[in-house]
Amino acid sequence: MASNKSPKQVILLLVSLLFHGYGFVELQAAQSPSLGDPYRTAYHFQPRKNWINDPNGPMLYKGIYHLFYQYNPNGVVWGPPVWGHSTSTDLVNWTPQPLTMEPEMAANINGSWSGSATILPGNKPAILFTGLDPKYEQVQVLAYPKDIKDPYLKEWFLAPQNPVMFPTPQNQINATSFRDPTTAWMLPDGKWRVLVGSKRGQRGLSLLFRSKDFVHWVQAKHPLYSYELSGMWECPDFFPVYANGNTMGVDTSIIGRNVKHVLKVSLDVSKHDVYTIGGYNTTKDAYTPDVGYMNESSLRYDYGKYYASKTFYDYAKMQRILLGWANESSSVEDDTKKGWSGIHTIPRRIWLEKSGKQLIQWPISNIEKLRQNPVKLYGKLIKGGSLNEVTGITAAQADVEVLFKIKDLKKVEKFDASWTDPQLVCSKKGASVKGGLGPFGLMALASKGLEEYTAVFFRIFKVYDNKFVVLMCSDQSRSSLNPSNDKTTYGTFVDVNPVLEGLSLRVLIDHSVVESFGAKGKNVITSRVYPTLAINEKAHLYLFNKGTSDVEITGLTAWSMKKASIA
């Protein structure tokens with residue numbers, strides 16, 4: 001690649017292109033998306049063309065939702081990013097605004113990476129984000145809107161004091177691993193706090209900074225939290241949740257006896273978003289997890305294709321909203337043909353489950369306004385080995401909710417204690433492998449002859465009397481006849497008693513994405529798939545049961561989904 005930079009700068013640029021795990025590939029110009037593109041989504045957020053990744057700085061301001069995102073305006077692969085910006089009144093339909101956080105000063109001359117928005121006193125928005133300076137070092141940059149009277153916040157400027165946080169020999173910050181500031185919060189002492197992801201060796205760090213004026217920041221002596229052998233922590237998020245089953249959201253600066261805190265990070269090594277639930281000692285500015293660890297065994301928002309998520313507090317509806325990025329599973333060559341790469345998942349409400357063991361996620365209610373022409377089914381027995389088509393819907397663009405009732409436990413398989421990795425179990429015991437109680441569930445984006453399908457299903461295993469293990473899988477192994485796609489099978493264990501509670505499944509199907517919510521939002525799996533036969537009107541949806549035991553459908557409703565307005 002031709003360049004007038006020094007050899008050292010070229011090397012640093014190549015290294016920077018590897019951050020976020022995007023890899024370095026030859027930059028290719030995006031082709032204009034064709035009108036007949038079978039993989040472009042109808043109700044998931046994505047720009048008209050080119051590369052998109054992390055959601056940045058989401059917020060509600062003067063009744064308008066703002067979504068910023070990492071964007072490469074020059075192609076379908078990751079490149080030095082600017083920020084895209086879209087606005088909405090419902091988090092479903094989106095209007096594009098001018099690009100922002102473009103190279104403006106030394107602090108972001110080589111790119112504007114992820115960051116977060118904070119509403120300052122006087123209802124004044126501010127954004128902190130990571131910039132790449134002339135040395136390709138990562139620094140934190142402060143931006144303000146030019147006109148706070150404009151509810152669409154179309155224009156922004158960078159503060160003259162930038163960078164406001166930066167690595168020095170004294171603070172021992174790794175200049176290539178110092179990024180993604182969180183939404184800030186304020187404690188009773190009047191000081192703002194913000195976290196920035198980092199690492200020291202292989203120990204992941206959430207570096208803590210404090211400020212009285214949001215401009216001059218001082219690094220705390222100790223990180224808010226760290227964990228050994230977890231690698232770089234990207235896109236950290238730190239926010240409070242109500243305990244005791246209260247589903248309402250909480251403003252980021254709230255503390256109290258009925259509040260727990262969530263620390264989430266995106267693990268650079270595995271590309272998974274993991275989180276812990278714990279206590280925040282405001283006197284020591286220290287966080288201690290009660291549930292979860294910052295490694296691969298920790299809790300995850302999503303057990304599929306999902307990364308770099310961000311939450312914000314929707315004060316109008318008193319909800320905490322989660323946004324995430326689902327990158328492609330197709331080849332760069334195919335991405336170039338379609339002219340775009342990356343989507344965002346449906347915004348999800350998020351709250352702490354009553355037991356305090358995990359978070360619950362559920363698609364925002366506004367997405368239900370796209371539902372039409374419901375097809376309903378009640379009290380149907382799905383016999384072992386059977387396949388039943390759900391007709392009367394647009395199967396490539398649908399929302400499906402189904403509730404299973406478990407009756408026959410005589411043939412349930414015994415659980416093997418060595419099965420500690422649910423994804424591996426799902427890979428070995430896919431949808432085509434017969435079992436006792438399961439696999440049963442849905443075959444989405446299926447071709448008529450079942451040459452292609454994406455199966456989302458449950459299997460139930462028995463540990464001992466009245467103790468069961470529920471496995472939830474999204475099997476992409478037969479999702480496409482295109483051999484170049486990544487067809488990884490995903491899986492997770494679901495903490496539910498299938499006999500007493502039954503099993504629920506909600507699946508959002510949108511051409512090249514299948515978002516699956518198990519057990520009323522306890523576990524979520526997002527899959528990116530690209531069928532060659534099961535496209536548009538040629539896609540089918542099936543209920544299936546490959547187990548030997550019968551399963552009852554106590555209720556199923558499937559809706560065709562209208563197209564959202566996403567310009």
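Visitor: Which residues lie nearest the centre of the largest cavity, and how many line it?

Guide: F45, L91, W94, T345 and P347 lie nearest the centre, among 13 lining residues. Here a cavity is a set of points on a 1 Å grid over the protein atoms alone where a 1.4 Å probe fits but cannot get out, and lining residues have an atom within 4 Å of a point. This is a predicted model, where local features need pLDDT of at least 70, side-chain atom pairs count only at pLDDT 80 or more, and totals for chains, interfaces and linings use all residues. Residues are numbered from 1 along each chain as its sequence is written, and side-chain values use heavy atoms, without hydrogens and water.

Visitor: Which residues line the second largest cavity?

Guide: Y65, L91, D314, K317, Q319, I321, I364, S365 and N366 do. That lining divides into four nonpolar, three polar and two charged residues, around a volume of about 40 Å³. The structure holds three cavities of 30 Å³ or more.

Visitor: On to sheets: in what order do the strands of the open sheet stand?

Guide: Strands of a sheet pair through backbone hydrogen bonds, either parallel or antiparallel. Here five strands form an open sheet in the order 4-3-2-1-22, with mixed pairing. Strand 4 (95–100) and strand 22 (340–341) each have a single partner strand, so one side of each is left without a neighbour in the sheet. Strands are DSSP runs of E of at least two residues, numbered from the N terminus, and two strands pair if DSSP finds at least two bridges between them. Strand 1 (residues 50–61) pairs with strand 22 in the parallel sense over two bridges, with W51 opposite S341.

Visitor: Is strand 17 mostly covered or mostly exposed?

Guide: Mostly covered: eight of the ten residues in strand 17 (residues 272–281) are buried, that is, under 20% relative accessible area with a 1.4 Å probe, protein chains only. Strand 17 runs antiparallel to strand 16 (residues 259–267) over seven bridges, and L267 stands opposite H272. Five bridges join strand 17 to the antiparallel strand 18 (residues 286–291), where T288 faces G279.

How values were computed. On a 1 Å grid over the protein atoms alone, a cavity is a set of points where a 1.4 Å probe fits but cannot get out, and a pocket is an open set with protein on both sides within 12 Å along at least five of seven lines; lining residues have an atom within 4 Å of a point. Grid points are joined across faces, edges and corners, and a volume is the space filled by probe spheres set on the points. Ala, Val, Leu, Ile, Met, Phe, Trp, Tyr, Cys and Pro count as nonpolar, Asp, Glu, Lys and Arg as charged, and the others, Gly among them, as polar. Helices (H or I, at least four residues) and strands (E, at least two) are DSSP runs, numbered from the N terminus. Buried means under 20% relative accessible area, exposed over 50%, partly exposed in between (1.4 Å probe, protein chains only).
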